[in-house]
Amino acid sequence: MSSMPNQDSKPDAGAPMIAVENVSKSYGHSQILKNCSLSVARGEVVVVCGPSGSGKSTLIKCINGLVPFDSGNIAVDGISVGGPRTNLPALRAQIGMVFQHFELYPHMSALENVNLAQIHVLKRSRAQAFEVSTRLLSRVGLADKLQSRPGQLSGGQQQRVSIARALAMNPKAMLFDEPTSALDPEMVNEVLDVMQALAQEGMTMVVVTHEMGFARRVADRVLFMDAGQILEDTKKEQFFKEPATERARLFLSKVLTH
Amino acid sequence: MNYTWDWSVLTQSPYLGWLLSGAGQTLAASAGSWILAMAVGFLIGALRSLPYRWTSAAASVYVEVFRNIPPLVQLFLWFFVFPEIVPASLGDWIKGQMPMPELTTTIVAIGLFAGSRVAEQVRAGVDTVRVRLLPAALATGLTPLQAYRLVLFPIALRRIVAPLTSELLITIKMSSIGLTIGLMELTAQSRQIENYTFHGFESYACATAVYLSIGLIATGFMHIVNRRLTGSLAGNR
Amino acid sequence: MDWSVIWKYRELLAHGMVVSAMLVGAGMIGGMIVGALLALARLSRFRTLAFVVGGYVTVIRSVPLILVLFWFYFMLPLITGQPLGAMTSALTTFVLFEAAFYCEIFRAGILAVPQGQSLAAAATGLGNWQTLRLVVLPQAVAAMVPLLLNQAIILFQDTSLVYVVALRDFLTAANVVVGLNERPIEVYTFVAVVYLAICYGVSLLVGRSKKAALR
């Protein structure tokens with residue numbers, strides 16, 4: 001196994017899996033995140049929604065340190081993300097991320113895409129990685145596409161490979177950045193189904209999405225962001241029945257009319 | 001390293017005069033070649049882009065010939081071969097009475113070479129806009145020729161200002177090959193100073209600085225042209 | 001017209017072509033090695049180094065090759081304290097000159113790989129060097145091949161400029177033949193045709209490699 005990341009505190013069963021405290025971030029003159037706080041318990045599924053430019057993608061990318069933040073704290077399973085002694089690559093190996101544009105490596109087959117980090121980060125042998133990758137690709141319904149290149153796969157298939165690639169690292173939590181926004185409508189469900197199965201198996205998930213149907217079915221909590229702030233953070237039922245803020249009500253009414 | 005420095009060499013006469021004259025010749029050769037290159041390049045580029053087989057093929061031949069033969073070889077062909085293969089009266093005039101033969105020959109040689117490269121940029125520019133804009137223009141009832149003249153070419157030309165800047169810089173650098181046929185441009189003069197004074201470091205450094213300045217001015221000029229042509233669309237990249 | 005003069009001096013011309021080929025070979029191989037190092041320096045986190053290298057690349061690319069040939073022809077013997085022939089200084093010039101252009105090609109190729117690819121690799125825990133080696137470079141190389149071939153054509157054409165330091169490459173050898181024979185029409189036409197054939201041939205390869213890169 002790769003070296004363990006430095007730990008500032010020991011993880012314990014009651015502590016949240018993901019703890020975001022008062023995080024702010026500016027880029028030039030605009031403030032992208034304003035004092036955001038969020039706590040995700042083990043096994044919880046949190047959906048983050050809101051208009052474009054609200055900072056949802058930035059927030060989720062701060063959680064695994066892909067985007068640095070200016071102030072505040074983020075800890076995943078007790079390990080500080082901004083900490084000076086934190087081994088960021090090792091931490092990222094424990095968090096899975098799925099991107100809006102899939103970001104599969106075009107010069108590798110689906111199998112090789114899923115193998116890559118297992119071999120080079122987890123130091124698994126080729127045989128072990130092969131076994132894990134095959135199992136995961138079958139699980140997402142792509143057993144017959146192992147040798148296919150991303151260019152030969154549809155968007156929905158690519159995104160499912162991307163989910164398998166993240167799962168191959170045995171992550172403690174999964175982050176989804178608008179996973180179905182770039183897909184043709186008929187492929188959205190095949191990806192959402194995989195995500196729903198994952199949630200039912202107890203994976204801790206933070207999902208940035210516009211798919212309110214998915215939120216209603218699968219989420220435990222819903223967050224609403226606008227202009228860099230988290231305006232709502234409520235249990236799903238409460239959010240859909242009656243959101244607290246006017247802004248969220250307006251957003252829901254526009255999104256749900258389709 | 002055994003070297004005595006003497007920057008004052010650059011300000012003494014006749015060396016200062018040489019440098020100024022050299023810079024002048026470089027500017028003259030660059031400007032002359034660039035104007036020729038633009039004229040030829042746009043014409044050939046336009047011919048290549050039009051969907052008529054014969055003109056397109058002829059223009060392609062021009063581009064491939066003039067772009068694949070090294071510019072120095074082209075210069076020698078114009079200087080040594082051309083006067084011999086044209087009718088005797090023209091040949092004699094070129095060799096005898098043509099004014100500023102080194103400068104003129106250099107301008108012709110570099111201009112036609114650079115022209116082939118400009119033609120390529122024009123063709124590439126038209127190709128990228130043709131896919132979307134040609135059907136749109138034809139759909140409004142324009143004939144193909146009108147579509148090219150009124151829509152495709154003007155738009156393509158605005159988009160290729162950036163690659164043309166790099167062609168301009170190449171043209172300016174190319175002016176130095178004139179020294180092989182006796183054009184006393186900047187590089188030649190700096191070499192001359194090195195020969196006479198042995199202070200090569202100073203003279204070459206000066207030439208380098210002048211080329212850098214000319215390049216900066218040329219880039220700035222093209223930037224202004226870009227802004228004027230595209231107005232508010234020319235954002236910062 | 002008497003074309004037999006070319007056959008008569010074929011050895012001289014062939015030797016010249018060998019010299020041209022050597023200059024191209026050294027310029028490409030040496031240039032790519034040094035260029036790769038320069039590119040790494042420019043892309044690195046060390047700001048001063050990146051700045052200095054950037055300055056070098058900008059100056060070299062703004063100045064005529066003939067001037068750079070004169071620079072090195074003049075400077076190298078002073079630095080090494082020994083007299084050096086035209087060949088050594090020309091080789092050094094081409095390696096260091098081409099390096100600046102290869103540096104920019106490598107940099108452009110690497111920067112052209114979408115940022116999402118590096119993010120995705122980092123998200124799975126791959127380190128910076130691993131990401132570069134396994135994900136970014138393989139993709140960058142495919143895009144770079146047409147540019148590298150194009151640069152090779154330009155380099156081949158540029159070797160003709162060693163005329164100014166009296167190094168006997170293909171063109172300079174041809175000049176010698178013209179000097180001996182006063183037959184400029186046949187000799188220069190022959191030279192032009194040879195350059196045309198070689199450069200055009202390689203440019204066809206460039207076209208093919210561009211199509212391959214798009215796949």
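This is a predicted model: local features need pLDDT of at least 70, side-chain atom pairs count only at pLDDT 80 or more; totals for chains, interfaces and linings use all residues.
Colleague: What share of the residues of chain C counts as buried?
Modeller: A residue is called buried when its relative accessible area is under 20%, and this test is applied to the 215 residues of chain C. The C-alpha atoms of the chain fill a box of roughly 70 × 45 × 25 Å along the principal axes. The buried share of chain C is 52%.

Colleague: How far apart do the centres of the positive and negative side chains of chain C lie?
Modeller: Lys and Arg are taken as positive, and Asp and Glu as negative. On that basis chain C carries 14 positive and 8 negative side chains. The centres of these two sets are separated by 18 Å.

Colleague: In which helix of chain B is confidence highest?
Modeller: Chain B has a mean pLDDT of 89, with 96% of its residues at 70 or more. Over residues 232–237 of chain B, however, the pLDDT is below 50, and beyond near neighbours in sequence this stretch makes two contacts in the model. Confidence is lowest in helix α4 (residues 88–96) of chain B, with a mean of 85, whereas the highest value, 94, belongs to helix α2 (residues 53–68) of chain B.

Notes:
Residues are numbered from 1 along each chain as its sequence is written. Chains are lettered from A and ligands numbered from 1 in the order in which they are written. Side-chain values use heavy atoms; hydrogens and water are left out. Buried means under 20% relative accessible area, exposed over 50%, partly exposed in between (1.4 Å probe, protein chains only). The place of a charge is taken as NZ of Lys, CZ of Arg, CG of Asp or CD of Glu. pLDDT is the predictor's confidence in each residue, from 0 to 100. Helices (H or I, at least four residues) and strands (E, at least two) are DSSP runs, numbered from the N terminus. Contact means heavy atoms within 4.5 Å.
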